[in-house]
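Colleague: I am new to this structure and would like to learn how to read it. Please take me through it one feature at a time.

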Amino acid sequence: MAEINLLESYPRARRPLGRATLPGKPDIAKRYGREYFDGDRTEGYGGYRYDGRWVPIAARIRDHYGLTGAHRVLDVGCAKGFLLHDLKAAVPGLSVVGLDISEYALAHAMSDTQGRLVRGSADRLPFGDGEFDLVLSINVLHNLERARCIAALREIARVGRRQSYVQVDSWLSEEQRENLARWVLTAVTYYDPEGWRQLFAEAGYHGDYFWTLTE
Ligand SMILES: C[S@@+](CC[C@H](N)C(=O)[O-])C[C@H]1O[C@@H](n2cnc3c(N)ncnc32)[C@H](O)[C@@H]1O
């Protein structure tokens with residue numbers, strides 16, 4: 001288990017802080033539909049489009065975990081399959097599978113990942129024990145309330161046989177904590193690093209992890 005940032009090259013998020021306090025706004029984002037991915041920025045991504053940002057991250061993941069064409073990778077909360085697309089390009093022959101709760105994201109996924117994606121929830125993975133060499137889950141688990149978040153971490157440990165990497169909302173300073181509280185759209189479970197480590201221990205999660213910080 002290691003604290004390691006595999007997303008160093010990911011562009012810093014420019015989140016429209018203050019959204020969480022807008023009066024009377026329904027929780028549209030939590031439906032993970034068109035509004036969340038391709039609607040207004042105050043409801044989510046404001047356009048979740050492939051722009052190549054995952055290319056260097058896929059190379060970093062390949063190198064860090066020594067991925068080869070003999071391996072099988074699962075991305076839990078894969079959205080439109082951008083990372084899986086770039087992992088396939090970075091590792092010829094790699095077998096990839098994605099899971100997401102969003103019908104919209106899966107219907108609009110990269111064409112070369114279609115057929116490799118399944119709809120489901122992170123806390124009930126429809127896979128057998130030890131099916132994957134590497135399980136990834138980036139910016140997903142904080143969207144589950146605590147008990148389901150723990151269940152999801154156990155599921156990740158169960159279906160993986162070698163390595164895993166999860167990234168979740170957290171903070172390293174008071175300013176980042178306040179920024180997260182002012183932005184939070186979909187997250188319901190978030191802690192400082194020590195709080196997350198306690199939750200990982202409770203779940204028996206021994207994989208790698210890092211934090212998404214709100215600047
Ligand atoms: C912030 S996005 C991250 C997407 C992608 N991993 C990335 O980093 O670009 C969160 C994703 O988690 C998915 N999601 C939310 N709750 C989920 C659940 N219980 N099980 C699986 N996926 C979930 C959403 O549909 C969405 O695609």
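Modeller: We will go through the sheet, the helices and a few single residues in turn. This is a predicted model, in which local features need pLDDT of at least 70 and side-chain atom pairs count only at pLDDT 80 or more, while totals for chains, interfaces and linings use all residues. Residues are numbered from 1 along each chain as its sequence is written, and side-chain values use heavy atoms, with hydrogens and water left out.

Colleague: What is the order of the strands in the open sheet?

Modeller: Helices (H or I, at least four residues) and strands (E, at least two) are DSSP runs, numbered from the N terminus. Two strands pair if DSSP finds at least two bridges between them. Here six strands form an open sheet in the order β3-β2-β1-β4-β5-β6, with parallel pairing. Its edge strands are β3 and β6 (208-212), each of which pairs on one side only. On average, neighbouring strands of this sheet are turned by 15° against each other, direction ignored.

Colleague: How many bridges join β4 to β5, and how many does β4 share with β1?

Modeller: Strand β4 (residues 132-138) and β5 run parallel and are joined by six bridges. β1 and β4 also pair in the parallel sense, over three bridges. L136 shows both sides of β4: its bridge partner in β5 is Y165, and L136 is also the bridge partner of D75. Elsewhere in β4, V73 has L134 as its bridge partner, and V135 stands opposite S164 in β5.

Colleague: How many residues of β4 are buried?

Modeller: Buried means under 20% relative accessible area, exposed means over 50%, and partly exposed lies in between (1.4 Å probe, protein chains only). In β4, seven of its seven residues are buried. Strand β5 (residues 160-169) is mostly covered, with seven of its 10 residues buried.

Colleague: Which residues of α3 are buried, and what do they pack against?

Modeller: Helix α3 (residues 82-90) has seven buried residues out of nine. They are F82, L83, L84, D86, L87, K88 and A90. Contact means heavy atoms within 4.5 Å. The buried residues of α3 pack against α2 (55-65), β1 (72-76), β2 (95-100), β3 (117-119) and β4.

Colleague: At what angle do α5 and α7 pack?

Modeller: Axes are lines fitted to C-alpha atoms, for helices over the stretch in contact, and angles run from 0 to 180 degrees between N-to-C directions. Helix α5 (residues 146-159) packs on helix α7 (residues 193-203) at an angle of about 60°, and their axes are 9 Å apart. That makes α5 oblique to α7; angles under 35 degrees count as roughly parallel, over 145 as roughly antiparallel, 65 to 115 as roughly perpendicular and the rest as oblique.

Colleague: Which residues of α5 and α7 meet?

Modeller: From α5 come R146, C149, I150, L153 and R154, which meet W196, L199, F200, E202 and A203 of α7. The residues of this contact divide into seven nonpolar, no polar and three charged. In that count, Ala, Val, Leu, Ile, Met, Phe, Trp, Tyr, Cys and Pro are nonpolar, Asp, Glu, Lys and Arg are charged, and the others, Gly among them, are polar.

Colleague: Which helix lies across β4, β5 and β6?

Modeller: That is α2, which runs at about 140° to β5.

Colleague: Where is the phi of Y32, and where is that of A79?

Modeller: Most residues other than glycine have a negative phi. Y32 has a positive phi, near 50°, and A79 has a positive phi near 50°. Y32 is found in the segment before α1 (34-38) and is buried, with a relative accessible area of 15%. A79 is found in the loop between β1 and α3 and counts as buried at 6% relative accessibility.

Colleague: Where does D192 lie, and what does D192 touch?

Modeller: D192 lies in the loop between α6 (174-183) and α7. Its relative accessible area is 34%, so D192 is partly exposed. Not counting residues up to four places away in sequence, D192 touches S170 and W171. D192 and D169 are 23 residues apart in sequence and 8.6 Å apart in space, C-alpha to C-alpha.
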